[in-house]
Amino acid sequence: MKMLLPSGLSKFMSRYGSFGVLFVITLAMSLANKSFLTVPNLVNVARQVSINTIISAGMTFIIITAGIDLSVGSLVALSSCVAMIIIEATGSSLLGIVTGILIGGAAGAFNGAFVAWAGIPPFIVTLAGLTIYRGIALIITGGTPIIRFEGGFLSLGQGSLLGIPVPVIIMIIVVIFMHFLLTRTAFGTHVYSVGGNEEASRLSGIKVGRVKFQVYVMGGMLTALAGMVLMGRLSSAQPNTGEGFELDAIATVILGGTSLMGGRGTIWGTLVGAFIIGILNNGFNLMAVDAHFQLVAKGVIILLAVLLDRYLKRKQA
Amino acid sequence: MPAQDSSTHGPSASEPPISGLSVLGISKGFPGVQALDDVSFSIHRGEVHVILGENGAGKSTLLKILSGALQPDSGQILLDGKEIHLKTPGAASQAGIAAIYQELSLVPWLSVAHNLFLGRECLIGRFFMSSKRLSEKADEVFTTLGLSLDPKALAGDLGMAEQQLVEISRAFSRSARFILMDEPTASLTETEINLLFGKIETLKKAGVGILYISHRLEEIFRIADRITVMRDGKSVYSGVAGALSLPELIARMVGRPIGNHYPKETITPGELLLEAKDSVSGEKGLAFSLRQGEVVGLAGLVGAGRTEWARKIFGADPDPHMRIKVSGTEVSVASPRQGRDLGMGMVPENRKEHGLIAGRSVLHNITITIMDWLSRLGIVDQKRQSAVSAEYIGKLSIKCPSDSVDISTLSGGNQQKAVLAKWLAREGKIIILDEPTRGIDVGAKLEMYQQMNALCREGKGIILISSDLPELLSMSDRLYVMHEGKFVATLDKREASQEKVLEYASGLGYKNTNRNGSVGL
């Protein structure tokens with residue numbers, strides 16, 4: 001096949017992969033709409049992507065171990081409902097938030113234990129988790145949202161520091177921390193190893209089960225953290241919230257160049273992937289594209305982006 | 001270009017290849033190795049042609065070419081004197097050639113009858129498959145072959161031999177005129193082998209030509225009409241069965257001159273590092289021992305249980321009943337991590353699946369065993385990590401553009417060195433090398449041998465598993481021979497010869513002593 005792109009751009013794309021896609025989409029959106037490339041709108045985009053990015057950061061680790069977590073959407077609902085119930089009961093936002101995040105860790109441990117030591121495929125374990133956590137959220141709330149307009153938790157979603165929204169600050173901290181964890185620690189190395197070759201890792205003395213368990217616990221806690229941010233933003237906990245979050249997170253991670261086969265992936269890539277999806281959403285909204293059409297367009301763009309990435313990688317090899 | 005000179009290869013090659021399946025001057029190379037080098041021979045209808053050879057002699061490549069799974073670089077395949085091209089397994093099947101591999105290919109949760117007609121259901125009915133009709137059809141086939149198999153049984157519930165018979169029946173019912181069998185008896189019991197051999201006789205009488213690959217020397221005389229010996233990708237002997245005795249055949253199989261390809265240094269052994277029994281014989285069995293500075297070889301045929309034993313020692317497949325002593329202390333090894341912490345390291349037979357973490361850097365692969373040593377509070381000291389990686393890249397002269405390249409881009413020999421390096425980085429004292437030179441070129445082999453010498457000088461002990469007999473004999477200080485999971489003999493370097501090892505390994509030496517020489521050489 002003849003080269004599709006001029007060689008300079010092609011080289012850039014193959015080196016930076018999805019970053020190139022992000023660049024092209026940003027360029028297209030700013031040409032299509034004047035109000036896109038303004039500071040308030042970009043801050044807005046960053047806030048919109050923060051929740052998905054926090055979840056996807058945890059998902060990245062899980063997918064690098066060749067796993068998957070389908071339960072994140074339900075867990076967002078469960079953790080925020082539990083947190084809100086505690087806040088309503090005690091009046092302490094801090095206690096509610098800590099409990100919410102611990103619930104996330106516990107659910108992650110539940111997922112992780114079955115994956116790591118019972119040897120059940122992650123798809124099945126977390127599919128079960130998806131319905132279990134949603135069910136518990138509905139049971140404990142009686143199916144109705146809990147709304148609350150006072151308390152420190154609101155600032156997690158609505159506050160800002162030096163003009164930067166708190167969700168964005170949390171996202172930045174999570175991304176930097178997770179990047180550090182993945183690239184600079186023994187744990188990060190083990191995560192890559194287990195995903196790259198589980199048996200060789202085991203034969204090198206790595207506790208494969210423990211590594212897998214840990215990534216699910218961490219994923220659960222980050223998902224719950226995203227739940228806390230969402231709860232603050234909506235001033236409420238809703239047992240039906242978060243449906244489809246798992247698909248957004250998986251799409252984000254894949255767009256970021258992480259391999260579903262495991263062993264390959266970066267947190268930076270995931271951040272880029274989150275912005276690709278966020279900018280598409282934002283740009284379509286600015287252009288007042290019909291919501292139903294948006295769904296179709298998003299799916300097509302995700303497919304094209306991954307196809308392009310594959311094509312460039314294969315050519316490089 | 002097909003090489004036409006095949007007159008040097010004994011009686012079969014001088015016969016005009018008119019009826020039957022013949023190959024003429026077939027060559028096939030893979031990166032770093034010439035798997036087949038100008039091989040010619042033919043299989044006649046109604047005869048069993050046995051191909052003998054050590055591992056790596058090219059037998060399996062030959063079989064794959066005849067079954068259409070691989071394409072030769074040069075040479076011709078003739079069917080009844082006419083050239084045929086086998087581009088795909090389907091083409092081979094069309095030509096009446098069926099291959100039965102060591103790993104059977106039945107669908108375990110389908111019935112025997114379904115498996116028999118898999119892909120040919122149209123023979124039974126256009127849309128609806130009547131299971132009654134399916135069974136009847138299957139019964140017809142089994143009756144012709146004189147088999148008593150239940151067509152309704154699930155394939156997965158059958159024993160290995162019965163599964164093999166289903167495969168043979170399938171080949172037969174497709175009116176295969178030539179059936180190629182790769183190590184068909186590898187996992188069969190004595191009775192099952194007898195059953196299989198009986199059916200091979202039936203097939204012969206029905207005019208089917210059979211190519212039979214094996215290195216079970218004890219059994220070939222029972223079925224062979226003709227024998228071809230392969231060595232290093234060449235056919236070195238071809239003749240009527242019985243023309244040569246077993247020792248003469250063995251001599252041709254291994255007859256490679258052992259020169260200074262093997263720069264073995266001998267070091268006075270130091271302290272005892274490891275003692276262990278095999279997991280079959282129990283207390284009475286022969287005890288394995290390894291001292292500092294020693295290379296102890298494990299000889300045996302494929303399937304003799306050498307790798308399995310080594311994996312138990314290392315903790316890869318923990319066996320609570322195995323008695324293991326490390327440096328004189330009784331230990332239990334329940335995981336590779338425990339093996340590692342006891343000072344063991346293993347360079348596995350299957351480098352790609354068990355050794356390398358493909359997609360990760362050379363640095364990552366070398367330091368993966370010592371992440372706990374390299375990190376404080378979980379954070380990796382990257383300077384030290386680079387230093388360690390650089391040290392071993394230098395020490396083992398691993399050739400790579402930089403330590404950050406993907407390990408899978410290196411050559412086989414360099415990959416192997418990186419896998420070894422991770423255990424040296426962990427300061428392992430007991431190094432298990434399972435087929436360390438398989439699939440790597442001569443130069444890299446030599447480097448591996450020199451590395452083994454260096455390790456011995458440092459006081460490490462090496463367990464060497466190799467199916468390359470000259471290598472095993474030359475590089476080991478002592479040898480244990482395994483047969484069916486048991487240590488059947490221990491041989492000193494001076495008393496070990498290829499013939500002797502093969503005798504014990506094929507169970508002959510063992511049977512000699514046990515059954516008063518009924519199957520002697």
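Q: In this predicted model, what separates B:K204 and B:E201 in helix 7 (residues 190-205) of chain B?
A: B:K204 and B:E201 lie 3 residues apart in helix 7 of chain B. Because of that spacing, the distance between B:K204 and B:E201 along the helix is about one helical turn.

Q: How far apart are the closest N and O atoms of B:K204 and B:E201?
A: Side chains of opposite charge can pair when their charged atoms come close. The cut-off for a salt bridge is a nitrogen-to-oxygen separation within 4 Å. B:K204 and B:E201 form such a salt bridge, and their closest N and O atoms are separated by 3.6 Å.

Q: Which residue of chain B forms a salt bridge with A:E199?
A: Over all chains, the structure holds 26 salt bridges. Across the interface of chain B and chain A, the rule finds 1 salt bridge. A:E199 forms a salt bridge with a residue of chain B at 3.4 Å between the closest N and O atoms, and that partner is B:R311.

Q: How much area do chain B and chain A bury between them?
A: The size of an interface is often given as the accessible area lost when the parts come together. Here 28 residues of chain B are in contact with 21 residues of chain A. Carbon and sulfur atoms carry 55% of the buried area, which amounts to about 1900 Å².

Q: Which residues of chain B lose the most area to chain A?
A: Three residues together account for 25% of what the chain B side buries. They are B:R337, B:I357 and B:R360.

Q: Is helix 3 of chain A oblique or parallel to helix 13 of chain A?
A: The axes of helix 3 (residues 39-64) and helix 13 (residues 267-286) of chain A come within 8 Å and cross at roughly 140°. Because of this angle, the relation of helix 3 of chain A to helix 13 of chain A is oblique.

Q: Is the crossing of helix 3 of chain A and helix 13 of chain A right-handed or left-handed?
A: The contact includes A:N41 and A:F61 of helix 3 of chain A, and A:I267 and A:L286 of helix 13 of chain A. By class, this contact has 11 nonpolar, 10 polar and no charged residues. The crossing of helix 3 and helix 13 of chain A is right-handed.

Q: How many nonpolar residues has the contact of helix 8 of chain A with helix 11 of chain A?
A: The axes of helix 8 (residues 166-184) and helix 11 (residues 208-234) of chain A come within 11 Å and cross at roughly 170°, which means that helix 8 is roughly antiparallel to helix 11. Among the residues that meet are A:P167 and A:I170 in helix 8 of chain A, and A:M218 and A:L222 in helix 11 of chain A. The contact has no polar and no charged residues, and its nonpolar residues number 9.

Note on methods:
Residues are numbered from 1 along each chain as its sequence is written. Chains are lettered from A and ligands numbered from 1 in the order in which they are written. This is a predicted model: local features need pLDDT of at least 70, side-chain atom pairs count only at pLDDT 80 or more; totals for chains, interfaces and linings use all residues. Side-chain values use heavy atoms; hydrogens and water are left out. Axes are lines fitted to C-alpha atoms, for helices over the stretch in contact, and angles run from 0 to 180 degrees between N-to-C directions. Helices (H or I, at least four residues) and strands (E, at least two) are DSSP runs, numbered from the N terminus. Angles under 35 degrees count as roughly parallel, over 145 as roughly antiparallel, 65 to 115 as roughly perpendicular and the rest as oblique. A crossing is left-handed if the near helix is turned anticlockwise from the far one by less than a right angle, and right-handed if clockwise. Contact means heavy atoms within 4.5 Å. Ala, Val, Leu, Ile, Met, Phe, Trp, Tyr, Cys and Pro count as nonpolar, Asp, Glu, Lys and Arg as charged, and the others, Gly among them, as polar. Buried area is the accessible area (1.4 Å probe) that two parts lose on being put together, summed over both. A salt bridge is a side-chain nitrogen of Lys or Arg within 4 Å of a carboxyl oxygen of Asp or Glu.
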